[in-house]
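The sequence and the coordinates come first.

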Amino acid sequence: MKHDYDARHLNIETFAKADANIEGSKRLDHFDRLLEEAQGAGAQNPVHFSAKGSTRPNGGTSEQIWLALTAEVALPQTCQRCLGPVDVPVSFTREFRFVASEEVAAIEDEDAEEDVLVISRDFNLLELVEDELLMALPVVPKHEVCPGAMKPQVADRDFAEAEQEKPNPFAVLKQLKKRP
Ligand SMILES: [Zn+2]
């Protein structure tokens, strides 16, 4: 029998025990926090996601509930080199193990390599996709090669050095504050 799974209302245990898959894409404007990161740009950009449930033996009578999740989006950002707009590819692939309670999750998440989450019959997979994409954002978004960066290599290197020598504005501020 074929199930239809709803990414916003997923019964994790049923999904995992069926070894089920869910795959889809939603527009960026379904994800408020990501859209905010993009300052409202790229509302139509698709967020692709794919999840697979599975169970693994627990050594006892019960089974562990697992979910493998991957997602990607091209997120509009401001290039920190040329200050022009750039669509930054953001993606992640992670495994999650689901446990019965918040207490167990808190204890086991410390030691486990995988992320440990609390099992739910009404799990919002899209929220997890958004959480993980936000965490996968580059700290300094930039073009691989900025458009209009046609300067000769030497000039480019001078520019890079000049950038590095610029004092950190926070350090400068500290110095100013120290003055009587
Ligand atoms: Zn750039």
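Is Asp19 buried or exposed? Asp19 is exposed, with 10 other C-beta atoms within 10 Å. On the scale used here, a residue is buried if 20 or more other C-beta atoms lie within 10 Å of its own, exposed if 12 or fewer, and partly exposed in between, with C-beta atoms placed from the backbone. The model is predicted: local features need pLDDT of at least 70 and side-chain atom pairs count only at pLDDT 80 or more, while totals for chains, interfaces and linings use all residues. Residue numbers start from 1 along each chain as its sequence is written.

**Overall make-up**

The protein has six helices and five strands. Helices (H or I, at least four residues) and strands (E, at least two) are DSSP runs, numbered from the N terminus. Read from the N terminus, the order of elements is α-β-α-β-β-β-α-β-α-α-α. Of the 180 residues in the protein, 19% are buried. A contact is a pair of residues whose C-beta atoms, placed from the backbone, lie within 7 Å. Taking the contacts between residues at least 6 apart in sequence, 56% join residues at least 24 apart.

**The sheet**

The five strands form an open sheet in the order E1-E2-E3-E4-E5, with mixed pairing. Strand E1 (21-27) and strand E5 (115-118) are at the edges and have a single partner strand each, so one side of each is left without a neighbour in the sheet. From one strand to the next, the twist averages 30 degrees. Angles run from 0 to 180 degrees between N-to-C directions, and axes are lines fitted to C-alpha atoms, for helices over the stretch in contact. Two strands count as paired if DSSP finds at least two bridges between them. The pairs are listed below.

| Strands | Sense | Bridges |
|---|---|---|
| E1 and E2 | antiparallel | seven bridges |
| E2 and E3 | antiparallel | 10 bridges |
| E3 and E4 | antiparallel | 14 bridges |
| E4 and E5 | parallel | four bridges |

Arg27 has Pro46 in E2 as its bridge partner. Facing E3, Phe49 stands opposite Ala71, and Ala51 has Leu69 as its bridge partner. Pro76 stands opposite Asp87 in E4. For Phe98, the bridge partner in E5 is Leu117.

Two hairpins can be described in the sheet. Five residues lie between E2 and E3 in their hairpin, and Gly59 in the turn has a positive phi of about 85 degrees. The hairpin of E3 and E4 has six residues between the strands, and there Leu83 takes a positive phi near 65 degrees.

H4 lies across E1, E2, E3 and E4 and runs at about 55 degrees to E3. Within helix H4 (residues 125-135), the buried residues are Leu125, Leu128, Val129, Glu130, Glu132 and Leu133. These buried residues pack against helix H2 (32-37), strand E2 (46-57), strand E3 (63-78) and strand E4 (85-99).

**The nonpolar core**

A nonpolar core is a set of buried Ala, Val, Leu, Ile, Met, Phe, Trp, Tyr and Cys residues joined through C-beta atoms within 7 Å. The largest one has 25 residues, of which Ile12, Leu28, Leu34, Val47, Val73 and Val129 touch the most other members. Helix H1 (12-17), H2, E2, E3, E4 and H4 each give two or more residues to this core. E3 supplies the largest share, six residues. In soluble globular proteins, nonpolar side chains tend to be buried together. Leaving out residues up to four places away in sequence, Ile12 touches Ile65, Leu67, Phe98, Ile119, Ser120 and Phe123.

**Positive phi in loops**

Asp19 lies in the loop between H1 and E1. Its phi is positive, about 50 degrees, although Asp19 is not a glycine. Gln39 also has a positive phi of about 50 degrees without being a glycine, and is found in the loop between H2 and E2. Gln39 counts as exposed, with 11 C-beta neighbours inside 10 Å.

Technical notes
Two residues are in contact if their C-beta atoms, placed from the backbone, lie within 7 Å.
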